[in-house]
Amino acid sequence: SMFLDYQDGNFDVPDRTFHNLLSTWKLVSSQSPSDVKEMIPEFFYLPEILLNFEGFNFGVRQTGQRVSDVLLPPWAGNDNARLFILKHRQALECEYVSRNLSKWIDLVFGFKQTGQAAIDAVNVFHPSTYFGAVNLDDYADPMQR
């Protein structure tokens with residue numbers, strides 16, 4: 001109910017609702033450079049975040065597809081949210097990730113956040129996404145703020 005209160009009692013437009021891991025991956029990895037998402041910790045331990053146990057009516061997409069449980073990749077075996085979370089966590093804990101995690105930390109928290117290092121790492125975003133880049137006190141008009 002907190003989410004609905006925040007959204008004036010409505011869910012977002014069905015076509016913008018998180019509903020499919022494959023399409024979300026395509027958008028954030030190649031098709032839409034302005035589409036930025038966070039991989040929240042629940043993706044590694046809580047299969048319930050992928051399932052609509054409450055039966056909320058999220059609406060129908062323009063394709064006619066009803067939005068309900070999140071569609072999972074084929075390797076998750078028949079839309080098995082538990083299997084998806086298990087494999088996702090195994091991938092996070094694998095040797096490759098352990099060897100390369102420090103590179104991600106440099107991008108998100110370290111020296112590759114800004115400046116030439118960020119440009120070289122293709123880790124640059126719209127200026128308004130950086131803390132302190134825009135001084136809201138400079139804007140008297142509430143609409144511009």
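Is Arg61 buried or exposed? The legends below take up that residue after a look at the whole chain.

**Figure 1. Overview of the predicted model, an all-in-one look at the chain.** This is a predicted model, and its secondary structure consists of five helices and zero strands. Reading along the sequence gives the pattern α-α-α-α-α. The C-alpha trace spans about 50 × 45 × 25 Å along its principal axes. The radius of gyration of the chain is 19 Å, whereas a compact globule of 145 residues would come out near 15 Å. Buried residues account for 19% of the 145 residues. Among contacts with a separation of 6 or more, 44% link residues 24 or more positions apart.

**Figure 2. Confidence along the chain.** Before zooming in, please keep the pLDDT values in mind. The chain averages 86, and 97% of the residues score at least 70. Helix 3 has the highest confidence, with a mean of 94. Helix 1, covering residues 2–6, has the lowest, with a mean of 69.

**Figure 3. Arg61 in its loop.** Here is the residue from the opening question. Arg61 sits in the loop between helix 2 (21–31) and helix 3 (81–92). Its relative accessibility is 18%, so Arg61 counts as buried, the cut-off being under 20%. The side chains of Arg61 and His19 are joined by a polar contact of 3.3 Å. Beyond its neighbours within four places in sequence, Arg61 is in contact with Pro14, Asp15, His19 and Val67.

**Figure 4. Aromatic pairs, with two examples.** How many aromatic pairs does the structure hold? There are six. In one of them, Phe56 and Phe58 are tilted, with 6.0 Å from centre to centre and 50° between the planes. Phe56 is partly exposed, at 38% relative accessibility, while Phe58 is buried, at 18%. Another pair joins Trp75 and Phe84, which are stacked at 5.3 Å centre to centre with 25° between the planes. Trp75 is partly exposed at 42% relative accessibility, whereas Phe84 is buried at 4%. Phe56 and Phe58 also belong to one aromatic cluster together with Phe11.

**Figure 5. Ile85 and its surroundings.** Ile85 is part of helix 3. With a relative accessibility of 5%, Ile85 is buried. Which residues does Ile85 touch, not counting those up to four places away in sequence? They are Glu42, Phe43, Phe44, Tyr45, Leu46, Pro47 and Leu50. One of these, Leu50, is 35 residues from Ile85 in sequence, and the two C-alpha atoms are 9.5 Å apart in space.

**Figure 6. His88 in helix 3.** This view stays with the helix of the previous legend: His88 lies in helix 3. His88 has a relative accessible area of 15% and is buried. Leaving out neighbours within four places in sequence, His88 is in contact with Met39, Phe43 and Phe44. Phe43 and Phe44 are also among the residues that Ile85 touches.

**Figure 7. Ala118 in helix 5.** Ala118 is found in helix 5, and at 1% relative accessibility it counts as buried. Setting aside residues up to four places away in sequence, Ala118 touches Lys112, Gln113, Asn123 and Val124. Ala118 and Asn78 are 40 residues apart in sequence, and their C-alpha atoms are 40 Å apart in space.

**Figure 8. The backbone at Val122.** Where does Val122 sit? Val122 is in the segment after helix 5 (115–120). Its phi is positive, at about 50°, although Val122 is not a glycine. Most residues other than glycine have a negative phi. As for its setting, Val122 is exposed, with a relative accessible area of 76%.

Conventions:
Residues numbered from 1 in each chain as written. Predicted model: local features only at pLDDT ≥ 70, side-chain atom pairs only at ≥ 80, totals over all residues. Heavy atoms only, no water. Helix = DSSP H or I, 4+ residues; strand = E, 2+ residues; numbered from the N terminus. Buried < 20%, exposed > 50% of the residue type's maximum accessible area, 1.4 Å probe, protein only. Phe/Tyr/Trp six-rings, centres within 6.5 Å; stacked < 30°, edge-to-face > 60°. Polar contact = N/O pair within 3.5 Å; in protein donor to acceptor, adjacent residues only side chain to side chain. Contact = heavy atoms within 4.5 Å. pLDDT = per-residue confidence, 0-100. Rg over C-alpha atoms; globule rule 2.2 N^0.38 Å.
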